[in-house]
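User: I'm new to this one and would like a close look at a single part of it. Could you pick the charged side chains that pair up, and then show me what sits around them?

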Amino acid sequence: MRRAAARALDGDVAALHVAALQQLASVGQRYLATSDYVPFPEVANILRAAYPERMVTSKSVPDWIIKLLACFGGPTRQIIHDIGNEKHFDRSKGEMLLGRAFIPAKDAILSAAESLIELGLLKPSAK
C-alpha cells in the first residue's frame, strides 16, 4: 500500500510544487500542472483497455438532462457552462520550471487507477 501512496504523491503536481519552492523567481507566479484534454468517454476507453476484467461504464448522461438539472441548482449548476467545451491550457510555463514535459494524460489516468486498486479503494469487479 505504501508504494501506491508514494506513486500518487510523486507526480507532476508534487514535483512542480517542490520546483516552485526551490526557485525564488516563482514567488507570486501561477503554474498549471495540466496535460492534454481527455473527455470522460475516452478516459473510460483507456481504463477498459487496461483493465478488461473490471467493469467500466460506457454510459453517459445526455447534455439536456444536465442542463435541466442545473435549473434546480445544486452541483450541476457549477458545470453547466463546461458542457461541450474542451479545456486546453498552456502548460509550457510549468514544464519549463520543472525542466521536463508533464507525464502524458493516459499515463496519469492509468497511474491514478493503479493507485486506487492498490490502496483497496475499488471493489473487485463481478464481471
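Analyst: Arg-91 is partly exposed, with a relative accessible area of 23%. Here buried means under 20% relative accessible area, exposed means over 50%, and partly exposed is anything in between, using a 1.4 Å probe and counting protein chains only. Before going on: this is a predicted model, so local features need pLDDT of at least 70 and side-chain atom pairs count only at pLDDT 80 or more, while totals for chains, interfaces and linings use all residues. Residues are numbered from 1 along each chain as its sequence is written, and side-chain values use heavy atoms, with hydrogens and water left out.

Back to Arg-91, which has a salt bridge with Glu-95, their closest N and O atoms being 3.4 Å apart. A salt bridge here is a side-chain nitrogen of Lys or Arg within 4 Å of a carboxyl oxygen of Asp or Glu. Glu-95 counts as buried, because its relative accessibility is 18%. Arg-91 also meets Asp-36 in a salt bridge, at 3.1 Å from N to O. That pair links distant parts of the chain, 55 residues apart: Asp-36 is in the loop between α2 and α3, and Arg-91 is in the loop between α5 (76-79) and α6. The helices named here are DSSP runs (H or I, at least four residues), numbered from the N terminus. Asp-36 is partly exposed, at 48% relative accessible area. Glu-95 forms its salt bridge with Arg-91, and salt bridges that share partners join Asp-36, Arg-91 and Glu-95 into one network.

How many salt bridges are there by this rule? The count comes to 4. One of them brings together the side chains of Asp-12 and Arg-100, 2.8 Å from N to O. Asp-12 belongs to helix α2 (residues 12-22) and Arg-100 to the loop between α6 (92-98) and α7, so this pair ties together parts that are 88 residues apart in sequence. Is Asp-12 buried or exposed? At 11% relative accessibility, Asp-12 counts as buried, while Arg-100, at 37%, counts as partly exposed.

Now for helix α3. In α3 (residues 40-50), the residues Val-43, Ala-44, Ile-46 and Leu-47 are buried. Looking down the axis of α3, these fall within an arc of 160° (taken from the directions from the helix axis to the C-beta atoms), so they line one face of the helix. On the other side of α3, Pro-41 and Ala-49 are exposed. The cover over the buried residues of α3 includes α7 (105-118).

That brings us to the nonpolar cores. A core is a set of buried Ala, Val, Leu, Ile, Met, Phe, Trp, Tyr and Cys residues joined through side-chain atoms within 4.5 Å. The largest has 6 residues: Val-43, Ile-46, Leu-47, Tyr-51, Ile-109 and Ala-113. Both α3 and α7 supply at least two residues of this core, and α3 gives the most, with 3. Apart from this core lies another, of 5 residues, including Leu-16, Ala-19, Leu-97 and Phe-102. If you zoom in on Leu-47 and leave aside its neighbours within four places in sequence, Leu-47 is in contact (heavy atoms within 4.5 Å) with Val-56, Ile-109, Leu-110 and Ala-113.
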